[in-house]
Amino acid sequence: MDTQSLIRALSRDAAADAARLGRRLAIGFALAAVLAAIVWSVLLGPRPDIAEAAATLRFPFKFVVTLALAGAAALAWRAVARPGTPVAPAAALLLAAPVLLAAGVVAELFAVPEGARMARLIGTNSAVCLTFIPLIGALPLAMLIAALRNGAPTRPTLAGAFCGLAAGGLAATFYAAHCIDDSPLFVAVWYTIAIGILTLAGALAGRLVLRW
C-alpha cells in the first residue's frame with residue numbers, strides 16, 4: 001500500500017470512528033432524557049394548573065432557560081468527548097442561559113413591588129426544588145458519564161462537570177413542569193443551586209471515572 005492509500009484508509013477509519021462515537025453519544029443523551037422523564041413522572045408529575053400556567057409569561061420562560069442550558073451543555077459534553085475538538089465555542093453557548101435568566105430577573109424587579117420581591121425569591125417550594133432536581137438528574141448524570149466513556153476526554157473533571165450541567169438542565173426542565181414557583185428570582189437562586197449540586201457531583205465523578 002502506498003502512502004496516499006494509507007492516508008485515505010486512515011481517514012476513512014477516523015471518520016467511521018467519529019460517526020460511531022456520535023451515534024453512541026446521541027443514544028446516551030436520549031436515554032438520559034428518557035430516564036429524567038421516568039423519574040419525574042414517578043416522583044412528581046405536572047402541576048395541577050399547568051394549562052393555566054402555560055398562558056402566563058413566567059412559566060414558559062423557565063423552559064426557555066433550562067432548555068438553553070441543557071442544549072448548550074450537551075454540545076459541550078459532546079465536544080469534550082473527542083480529543084483535539086475545540087470546546088470553547090460550545091462552552092461559550094453556556095452563557096446563553098444565565099444571560100436569559102439575568103434578563104428575566106431584571107424584568108421581574110421592575111414588574112414586582114419592592115416589598116414582594118423577597119417572597120418571590122424565597123417561593124414556596126425551595127426545599128422541594130433542591131431535593132428533586134438532583135434526584136431527577138442523578139440517573140441521567142450516570143448515563144451521560146457512561147456514554148462519555150465511549151470517547152476519550154482529556155479533561156475528566158471538566159467533562160464530568162459538563163455531564164452534570166446537561167443532567168441538571170434536563171432535570172430542571174422536567175421539574176419546571178411541576179414547580180409552582182415561576183418567578184425568575186426563584187429560578188435564579190434555587191434552580192441554580194440545585195443544578196450546581198449536579199455539576200459538582202459530575203465533576204467529582206468525572207475525575208474518578210473518566211480519567212485515563
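**Exercises on a helical chain**

Val34, Ile38, Val42, Leu43 and Leu135 make up a nonpolar patch on the surface, with about 450 Å² of accessible area together. Patches like this take residues with over 30% relative accessible area and no salt bridge, nonpolar side chains (Val, Leu, Ile, Met, Phe, Trp, Tyr) being joined within 5 Å. A salt bridge is a side-chain nitrogen of Lys or Arg within 4 Å of a carboxyl oxygen of Asp or Glu. Accessible areas come from the Shrake-Rupley method with a 1.4 Å probe.

The model is predicted, and local features need pLDDT of at least 70, side-chain atom pairs pLDDT 80 or more, while totals for chains, interfaces and linings use all residues. Residues are numbered from 1 along each chain, and side-chain values use heavy atoms, without hydrogens and water.

**Exercise 1.** Find which helix gives the most to the nonpolar patch.

*Solution.* Start with Val34, which lies in helix H1. Helix H1 (residues 3-43) gives the most, with four residues. Helices here are DSSP runs (H or I, at least four residues), numbered from the N terminus.

**Exercise 2.** Work out where the buried residues of H5 sit around the axis.

*Solution.* First, list them: Ala97, Leu101, Gly104, Val105 and Glu108 are buried (under 20% relative accessible area; exposed is over 50%, partly exposed in between). Next, they cover an arc of only 105° around the axis, so they are on the same side of H5. The arc is that of the directions from the helix axis to the C-beta atoms. Finally, the face turned away from the buried side of H5 carries the exposed residues Val99 and Phe110.

Notes: Patches are made of residues with over 30% relative accessible area and no salt bridge: like charges are joined within 9 Å, nonpolar side chains (Val, Leu, Ile, Met, Phe, Trp, Tyr) within 5 Å. Helices (H or I, at least four residues) and strands (E, at least two) are DSSP runs, numbered from the N terminus. Buried means under 20% relative accessible area, exposed over 50%, partly exposed in between (1.4 Å probe, protein chains only).
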